[in-house]
Amino acid sequence: MEPNNITPRPAPSEMNVLIADDQLAMRELLKTILRTLRVSNIDIAGDGVQAVERFRQSRHDMVFLDIDMPELNGFSALSQIKAIEPTAFVVMVSAHSSVENVKKALELGAKGFVVKPYTSIKIADMLKKYREAAA
């Protein structure tokens with residue numbers, strides 16, 4: 001029996017996911033992987049400013065947020081998204097998996113960290129982690 005104050009997380013087919021990355025190839029790769037995992041509601045942002053604005057408008061269930069982006073980097077965008085919705089499920093992504101990047105992302109409230117290039121297994125793990133967060 002679920003506590004009354006917890007809403008179950010939606011199934012992948014019902015999720016609303018935001019991909020924020022300035023590299024078109026990386027956005028397309030992640031979008032393709034998400035579609036193979038049956039996520040159909042996918043929104044795209046090309047920089048941190050767009051990511052924050054799109055999140056403000058739609059309150060996505062999950063956000064994949066690149067660290068290195070123009071206009072507003074991923075760490076700053078993460079802070080702004082968490083200010084809008086403290087429980088936002090944000091996964092940071094980067095080609096640079098330094099201990100400092102991972103530590104900073106988690107300290108700012110990210111729920112996970114995925115190193116580029118993406119793999120279906122890592123993305124599926126993040127979807128599973130998202131579903132288990134409300135279980």
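Visitor: In which crossing, left-handed or right-handed, does α2 pass α3?

Guide: A word on the source first: this is a predicted model. Handedness is read by asking how the near helix is turned from the far one. Here, α2 passes α3 in a right-handed crossing.

Visitor: At what angle do α2 and α3 pack, and how far apart are their axes?

Guide: The angle between α2 and helix α3 (residues 74-84) is about 15°, and their axes lie 9 Å apart. Angles under 35 degrees count as roughly parallel, and therefore α2 is roughly parallel to α3.

Visitor: Which residues of α2 and α3 meet?

Guide: On the α2 side they are Gly48, Val52, Phe55 and Arg56, and in α3 their partners are Ala77, Gln80, Ile81 and Ile84. By class, the residues of this contact of α2 with α3 comprise 5 nonpolar, 2 polar and 1 charged.

Visitor: How do helix α1 and helix α5 pack?

Guide: Helix α1 (residues 24-36) and helix α5 (residues 120-132) have their axes 10 Å apart and pack at an angle of about 65°. In this pair, α1 passes α5 in a right-handed crossing. Leu30, Ile33 and Leu34 belong to the α1 side, where they meet Ser120, Ile123 and Leu127 of α5. The contact of α1 with α5 divides into 5 nonpolar residues, 1 polar and no charged.

Visitor: I turn now to single residues. Where is His60 found, and is His60 buried or exposed?

Guide: His60 is found in the loop between α2 (48-58) and β3 (62-66). Burial is judged from relative accessible area, with a cut-off of under 20%. His60 counts as buried because its relative accessibility is 5%.

Visitor: With which side chain does the side chain of His60 make a polar contact, and which residues does His60 touch?

Guide: The polar contact, at 3.1 Å, is with the side chain of Asp43. Leaving aside residues up to four places away in sequence, His60 touches Asn16, Val17, Leu18, Asp43, Arg54 and Phe55. Phe55 is also one of the α2 residues that meet α3.

Visitor: What is the place of Asp66, and why does Asp66 count as buried?

Guide: Asp66 is in strand β3.

Visitor: Which side chain is joined to that of Asp66 by a polar contact, and what does Asp66 touch?

Guide: The side chains of Asp66 and Lys116 are joined by a polar contact of 3.3 Å. Not counting residues up to four places away in sequence, Asp66 touches Ala20, Asp21, Asp22, Gly74, Met92, Val93, Ser94 and Lys116.

Key. Residues numbered from 1 in each chain as written. Predicted model: local features only at pLDDT ≥ 70, side-chain atom pairs only at ≥ 80, totals over all residues. Heavy atoms only, no water. Helix = DSSP H or I, 4+ residues; strand = E, 2+ residues; numbered from the N terminus. Buried < 20%, exposed > 50% of the residue type's maximum accessible area, 1.4 Å probe, protein only. Polar contact = N/O pair within 3.5 Å; in protein donor to acceptor, adjacent residues only side chain to side chain. Contact = heavy atoms within 4.5 Å. Axes fitted to C-alpha atoms, helices over the stretch in contact; angles between N-to-C directions. Parallel < 35°, antiparallel > 145°, perpendicular 65-115°, else oblique. Nonpolar A, V, L, I, M, F, W, Y, C, P; charged D, E, K, R; others polar.
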